[in-house]
Amino acid sequence: MSTPVYAVENLVIDLYTPTVSVRAVDGASFHVSPGETLAIVGESGSGKTVMTLGPLGLMPEGVAVDLRGTARADGRDILTLSPAELSALRGGFFGVIFQDPMSALNPMLKIGPQLARQAQLYAGLSPEAARKEGVSLLARSGIPDPEDRYDRYPHELSGGMLQRAMIALALAARPRVLIADEPTTALDATVQAQILALIRTIQKEDGIAVVLITHDIGAVSVLADRVIVLYAGQIAEEGSAIDVLTAPVHPYTRGLLASVPDFRSESATGTKEIPGIPPNQAQLMPGCRFADRCDRVLPACHSHRPRLQTIATGEVPHRVACPVVIAAEGIATHD
Amino acid sequence: MKSWPWAILTPALIFVLIGIFAPLLMTHDPTKQDYSAILSPSSWSHWLGTDYLGRDMYSRIIGGARTSLVAMVVVLLAALIIGVVIGSFAGYIGGRTELVLISIIDIALALPSLIIALALIGVFSGEAWSWMSDYWKMIIALTLAWWANYARMSRAVVVAELQQPYIEAARVMGASHMWIFTRHILPHVLGLVVVYASADAGALVLAIATLSFLGLGVAPPTPEWGQMLVDGMSYIEDNPALVIIPGLALTAVVVSFNLLGEAFALQKVPKAVRGGLLRRKKSARAGEETARAATEAKA
Amino acid sequence: MQRMFMRRTGLAVLLMLAATALTFALVSAAPGNVAALIAERAAGPGADGPMIARIAEELGLNDPLPVRYLRWLGAALTGDFGISLRTGKPMSEEFATRIPKTLALLAGGGVLALLLSLVMGLAGAVSNGGVLDRLLHGVALVGASTPNFFVAAMLTIVFSVMLGWVPTFGVAGFTSWLLPWITIALFPGSVLSRVVRVNLQEAMSRPFATTGFAKGLTRRAVLFREALPNILIPYMTTFGAQFTLMMIGAIVVERVFGLNGIGAFFIEAIRFRDFIGMQAVLLLFVVFFVSVNLIVDIAAMLADPRLRRPRRA
């Protein structure tokens, strides 16, 4: 396994609005290497978006953010960068694809110029060359008739086409890490697969590291090499996609997988939903944050915060933060 | 309303209190001329000096507050009542009547209110209207120029409320039209209209002063700021204070009502304005600013 | 799109007809007015009943109101707006000399308001909650609250009385236009600066702005490249509304600075019961306000790509 291009250690993110403060991410670590896809899975509000976009400074306006830990991009800790340095890194080193391409592209500007300008900025191209590059980026993203689409406004294209354009935009500056924040959630089911395939193709061709933020287990199984399951700002389980998807250990991961109708079982009969709602992160509890919803809960879960324990070593260690299941099922640990 | 900035009410309240207690605050009769003390500067007997007829400026300013306040309240109440009645009626009754009333409202809104008020004052200048004093011509003209906005707003609220399921429920339960209107719909209409009116008060004070400035509103010797200002213009080189003092008083009052309007606009703050970027570790105040700005846009 | 234009234009024409009919009905409500005034002007205060009646008959003032309206409108369409009762000159002549002055006033004020609002709004957005932002917010609040006649008076005090740079009264040369322009531009400029500021803030919180940041643009670049185009439509609509409101400022300013434009004429017409002059000016106002609104509506539609190029279904 090659060295990580982006590595985050012990990340803690506190969010402050005028009325509440929330620990959105609580001591999470992750890394991605070139050519690799890391999926960060969790329910909405689990902190997966904050965890990935927070260090890049991409947070909702009106929210004050406090970040601790380290986030090394190519060895440089981006949490210590000045706003100007960070903003240079955002276009060049990181590319980002957002959930809803309809609103993520500027409705008042034509699509082509939105990405040509990007190519122009980062590759130092002339306006004519930038247009050419823009068209070829659109073509590469699988947009038919790119010359025509170049001069269209976002409202003139379908959601799938716009997400392709968004991908073209994210790739315009030839990033090393592509962060895809629920890239298929807003799209039709048939289009979702195409977009995932496109991301996969581009990743293979360019050797880009991909961080896929999603709650779609289907997308994880298609794209991910490794998986991190996030619950209420803490990592519940992590490991290779195969390990986590086929041999989940954490009760939350199991619940999450059981709630997916089309995964593993063809029928929806086995579908279960996890009872309860995610905890209010404004009121932190000392113990396991999943305790209130967990079917394996013990009294100690409410008072002791579980540590991530390695249950399988190897190229990608499988780590789980649930001593209860590990003990009950006699799973061997390696640390 | 828990974190509502009540302090914002203070300046407007001061104006209202000065207007109400004007007779107690005045040191002189604001209309009394004193040819022995014409255009005199500030002194112990005349705190803000005197005007070209030797009238006490301080007392005239205080008196002007009362004049503005009374005229403003009368016009605002009248316009509000007419607007709410016509607008609610149009919205509630629907059909052709509504269409006709909407057309009238639209025509009334085609011209700026003050232009309509001016035109009406022009109409009232005819012989047929000579039984009315200038003051009442102004009051009536402003009222007729001002109601349409309230009518349009009221109608919109009524139409929206009528679509609420609870209205249907009340109707099914056999509630009368009057009951439904007064119990369920009117409170919503008044809620919005009163908030709008509190911000509109400033515009109205300004309109009264503008008409008086143009010589078409409050006539001398009744003290009125716009009219005092235009009087002072003739002596601008001798004593600019005659212009500056009423001008500042007027501006202060309008600012205080506009502040009120901004504060009210904040009430409708959407819960969170999402997306975008904030420089890291920026103070939480920025959130308030965002919310404030977002609502002002709609105001 | 084209159908929408036609619809809007049709509605605007209807609105003009209805509004002029209403003003005509109001101003002409008492037909004795005009005849009496004409008689008075012809024969002095000694004008008697029969004379007034004869004049009224000659002018067709006893005809039913709709007939008189149509006759008046027909004449107005051919450029005959009647003869001013106050000046005794044809209204078309008054218009010819006065409209250019008022238009120059409005145009200069409009340009100034545009510049003022963009500079203030953008500076505030760049400062984003900083001292300058707060200061400009305060300036805009005061600017939108100061009566324009007070602004005119203060400018006169400072530039004419204290500095002696421009004459206190009358208009001669470019510099003398400056004070009237500033006066009428302050209010719309202040209101529009808030529109710029607030809509920029709103645009900055939209997802495409986040995309802008993700592209690596600095805050300023996102503000100018991504957010600014998105305030165009709300700005245009408010600008149209404020531009028409500037007519009120023009009325005040023309009186303060002794500019013989339409506004000053209107006030004189009201004071001297010049009903014919009033009617002609009101017709002009109705046409002005309704067409500015129409132009702004259409321009806003053209500026919006979603309306200009609707998606082919």
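Colleague: What distance separates the centres of domain 1 of chain C and domain 2 of chain C?

Modeller: This is a predicted model, in which local features need pLDDT of at least 70, side-chain atom pairs count only at pLDDT 80 or more, and totals for chains, interfaces and linings use all residues. Residues are numbered from 1 along each chain as its sequence is written, while chains are lettered from A and ligands numbered from 1 in the order in which they are written. Chain C is assigned domain 1 (2-77) and domain 2 (92-308), with bounds that come from an automatic or database domain assignment. Taken over C-alpha atoms, the centres of these two domains of chain C are separated by 33 Å.

Colleague: Which element gives the most residues to the side of domain 1 of chain C that touches domain 2 of chain C?

Modeller: The contact (C-beta atoms, placed from the backbone, within 7 Å) takes 16 residues from domain 1 of chain C and 15 residues from domain 2 of chain C. On the domain 1 side, the elements that give two or more residues are α1 (2-27) and α2 (31-43) of chain C; helices (H or I, at least four residues) and strands (E, at least two) are DSSP runs, numbered from the N terminus. With twelve residues, the element that gives the most is α1(C).

Colleague: Is Asn128(C) buried or exposed?

Modeller: Asn128(C) lies in the loop between α5 (91-127) and α6 (131-143) of chain C, and its phi is near 45°, a positive value in a residue other than glycine. A residue is buried if 20 or more other C-beta atoms, placed from the backbone, lie within 10 Å of its own, exposed if 12 or fewer, and partly exposed in between. Because 22 other C-beta atoms lie within 10 Å, Asn128(C) is buried.

Colleague: How many C-beta neighbours does Asp74(A) have inside 10 Å?

Modeller: Asp74(A) is found in the loop between β4 (64-73) and β5 (76-77) of chain A. Asp74(A) is not a glycine, yet has a positive phi of about 60°. Most residues other than glycine have a negative phi. Asp74(A) counts as partly exposed because its C-beta neighbours inside 10 Å number 14.

Colleague: What is the omega of the peptide bond from Pro220(B) to Pro221(B)?

Modeller: Pro221(B) is found in the loop between α8 (177-213) and α9 (225-233) of chain B. Most peptide bonds are trans. The bond from Pro220(B) to Pro221(B) is cis, with omega near 5°.

Conventions
Contact = placed C-beta atoms within 7 Å.
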